[in-house]
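Hi everyone, thanks for coming.

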Amino acid sequence: MKLTVQELYWKMRQNMGPSGWWPADSKEEIIIGAILIQNTNWRNADRARLLFKKQTDFKPSLILAMTTEELQNAVRPAGFFRNKSKAIYNIFSWLDKYNFDYSAIKNIFGADLRHHLLQLHGVGEETADVLLTYVFEVPTFISDKYARTLFTLLGIQNLTDYRSLAKLYQLNNDFTVEMAKDFHGLIDEFGKVYFHPLTKFNESFLAHDELLLK
């Protein structure tokens, strides 16, 4: 069956139920998680996340009060602890200038918000799009590895890196922010089940579908 991206979303939602993503109790926890997950798996990122929860309960003032050594030790289970701890500190310092008022930040920067996020240490394109969607409530398609793999299996070619899919497809106005959040979660949960190994995709409810991007 040929599916538009929105039809793909609804088919995934019908077969899998709501994803509940991003699993977190606060936007600050989402920010920490978005940095910790870079270049590692959920298990390692979650070990570091639990350390942050125990030490700070994700309260910005406590995170900003951590010493460099404390930050690095909390990040360590997720790997790349020097770079990620610096990223966390810099992002929280930037947000502190605006009193962690996410709506105000969104209004101040408008369409340029993604550009400003990319200027922050440790924020690449994928992390910026995660923050836009889950923190700033701007519905954005997250072209991560799971999304590129799924779109490739559904017939879209030459998806070599994050930008290759991001340039090819962005969410249209039919996607609300809640749908955008859920779609990313569904894609990643689908990938965890059917992409290891990739032959398992042939057993999935999408095995005989083809994606139409227009």
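I'll start with the domains, then turn to the cores, the salt bridges and a few backbone details.

A word on the ground rules. This is a predicted model, where local features need pLDDT of at least 70 and side-chain atom pairs count only at pLDDT 80 or more, while totals for chains, interfaces and linings use all residues. Residues are numbered from 1 along each chain as its sequence is written, and side-chain values use heavy atoms, with hydrogens and water left out.

So, how is the chain divided? There is domain 1 (2–20 + 141–211) and domain 2 (27–136); bounds like these come from an automatic or database domain assignment. Their centres, taken over C-alpha atoms, are 25 Å apart. Where they meet, 11 residues of domain 1 are in contact with 8 residues of domain 2, contact meaning heavy atoms within 4.5 Å. The area buried between the two is about 860 Å², and carbon and sulfur atoms give 56% of that. Buried area here is the accessible area (1.4 Å probe) that two parts lose on being put together, summed over both. On the domain 1 side, Ile 142, Tyr 162 and Lys 181 lose the most area to domain 2, together 54% of what that side buries.

There is also a record to mention. The UniProt annotation "domain: HhH-GPD", from an unreviewed entry, covers residues 36–193; UniProt positions are given in the numbering used here, feature names are shortened, and annotations may be inferred rather than shown by experiment. Over residues 36–193 the chain is 65% helix and 0% strand. Helices (H or I, at least four residues) and strands (E, at least two) are DSSP runs, numbered from the N terminus.

Now let's look inside. In soluble globular proteins, nonpolar side chains tend to be buried together. A nonpolar core is a set of buried Ala, Val, Leu, Ile, Met, Phe, Trp, Tyr and Cys residues joined through side-chain atoms within 4.5 Å. Buried means under 20% relative accessible area, exposed over 50%, and partly exposed in between (1.4 Å probe, protein chains only).

The largest nonpolar core has 44 residues, and those touching the most other members are Leu 36, Phe 52, Ile 88, Trp 94, Leu 95, Leu 117 and Phe 136. Several helices give two or more residues to this core, including α2 (27–36), α3 (42–56) and α6 (81–96). Which one gives the most? That is α6, with 7 residues. This core also draws at least three residues from each of domain 1 and domain 2.

Leaving aside neighbours within four places in sequence, Ile 88 is in contact with Ile 32, Ile 35, Leu 36, Phe 52, Ile 63, Leu 71 and Val 75. A second, separate core of 27 residues includes Leu 3, Leu 8, Phe 141 and Phe 190.

Next, charges. Side chains of opposite charge can pair when their charged atoms come close. We call it a salt bridge when a side-chain nitrogen of Lys or Arg is within 4 Å of a carboxyl oxygen of Asp or Glu, and the structure holds 12 of them.

Take Glu 29 and Arg 49, whose closest N and O atoms are 2.8 Å apart. This pair links distant parts of the chain, with Glu 29 in helix α2 and Arg 49 in helix α3, 20 residues apart. Is Glu 29 buried or exposed? At 5% relative accessibility, Glu 29 counts as buried.

Glu 125 has a salt bridge with Arg 114 (3.5 Å, N to O) and another with Arg 163 (3.1 Å, N to O). Glu 125 is partly exposed, with a relative accessible area of 21%.

Shared partners join Lys 27, Glu 137, Glu 178 and Lys 181 into one network of salt bridges.

Finally, the backbone. Most residues other than glycine have a negative phi, and most peptide bonds are trans. Glu 137 has a positive phi of about 60 degrees although it is not a glycine, and so does Phe 80, at about 50 degrees. Phe 80 sits in the loop between α5 and α6 and counts as exposed, at 52% relative accessibility. The peptide bond from Trp 21 to Trp 22 is cis, with omega near -5 degrees, and the bond from His 196 to Pro 197 is cis too, with omega near 0 degrees.

That's my tour, thank you!
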